[in-house]
Amino acid sequence: MTSQDKSSAQEAQLHYGQGEFVVLRSGRFVTCAATGQRIPLDTLRYWSSERQEPYAGAAEAARVLGGRAA
């Protein structure tokens, strides 16, 4: 197994900021805090910088954060 194979199977570790995130440990995905679904980094659009957790979509973020989904 190559190092690229390992990183593709490994979950990334991110620091979630306001409008951007920083990769702390490389990987191809993060896990949705609401559903446990794997979210590819290139499709990650929803997270909480206060809670430091990602969400698969607007509905999942709204459910956890107490708002309404668009």
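Author: Happy to! One term before we start: a residue is called buried when its relative accessible area is under 20%, exposed when that is over 50%, and partly exposed in between. Please also keep in mind that this is a predicted model.

Reader: Thanks! What percentage of the residues count as buried, then?

Author: The protein chain has 70 residues, and 30% of them count as buried. Its accessible surface is about 4800 Å², with 45% of that belonging to carbon and sulfur atoms.

Reader: And how many helices and strands are there?

Author: Two helices and six strands. Going along the sequence, the pattern reads α-β-β-β-β-β-β-α.

Reader: Which residues make up the largest nonpolar core?

Author: That core has 11 residues, including Leu-14, Tyr-16, Val-30, Ile-39, Trp-47, Tyr-55 and Ala-61.

Reader: I spotted the tryptophan in there. What does Trp-47 touch, leaving out residues up to four places away in sequence?

Author: Leaving those out, Trp-47 is in contact with Tyr-16, Gly-17, Gly-19, Glu-20, Phe-21, Glu-53, Pro-54 and Tyr-55. Two of these, Tyr-16 and Tyr-55, belong to the largest nonpolar core along with Trp-47 itself.

Reader: Let's switch to helix H2. Which of its residues are buried?

Author: Glu-60, Ala-61 and Ala-62 are the buried ones in H2, a helix that runs over residues 58-65. Their cover includes strand E5 (46-48) and strand E6 (53-55). After the helix comes Gly-66, which has a positive phi near 90°.

Reader: How many salt bridges does the count come to?

Author: One. The side chains of Arg-51 and Glu-53 form it, with N and O 3.5 Å apart.

Reader: Are those two partners buried or exposed?

Author: They fall into separate classes. Arg-51 is partly exposed, because its relative accessibility is 47%. Glu-53 counts as buried, because its value is 18%.

Reader: What about Gln-52, where is that found?

Author: Gln-52 sits in the loop between E5 and E6. Although not a glycine, Gln-52 has a positive phi of about 55°. Most residues other than glycine have a negative phi. With a relative accessible area of 31%, Gln-52 is partly exposed.

Reader: One last stop: which strand does Thr-31 lie in?

Author: Thr-31 belongs to strand E3, residues 29-31. Its relative accessibility is 28%, so Thr-31 counts as partly exposed.

Reader: And which residues does Thr-31 touch, again skipping those up to four places away in sequence?

Author: With those skipped, Thr-31 touches Glu-11, Gly-36, Gln-37, Ile-39 and Pro-54. The C-alpha atoms of Thr-31 and Gln-13 are 9.8 Å apart in space, while the two residues are 18 apart in sequence.

Key: Residues are numbered from 1 along each chain as its sequence is written. This is a predicted model: local features need pLDDT of at least 70, side-chain atom pairs count only at pLDDT 80 or more; totals for chains, interfaces and linings use all residues. Side-chain values use heavy atoms; hydrogens and water are left out. A salt bridge is a side-chain nitrogen of Lys or Arg within 4 Å of a carboxyl oxygen of Asp or Glu. Buried means under 20% relative accessible area, exposed over 50%, partly exposed in between (1.4 Å probe, protein chains only). Helices (H or I, at least four residues) and strands (E, at least two) are DSSP runs, numbered from the N terminus. Contact means heavy atoms within 4.5 Å. Accessible areas come from the Shrake-Rupley method with a 1.4 Å probe; for residues, only the protein chains shown count as cover. A nonpolar core is a set of buried Ala, Val, Leu, Ile, Met, Phe, Trp, Tyr and Cys residues joined through side-chain atoms within 4.5 Å.
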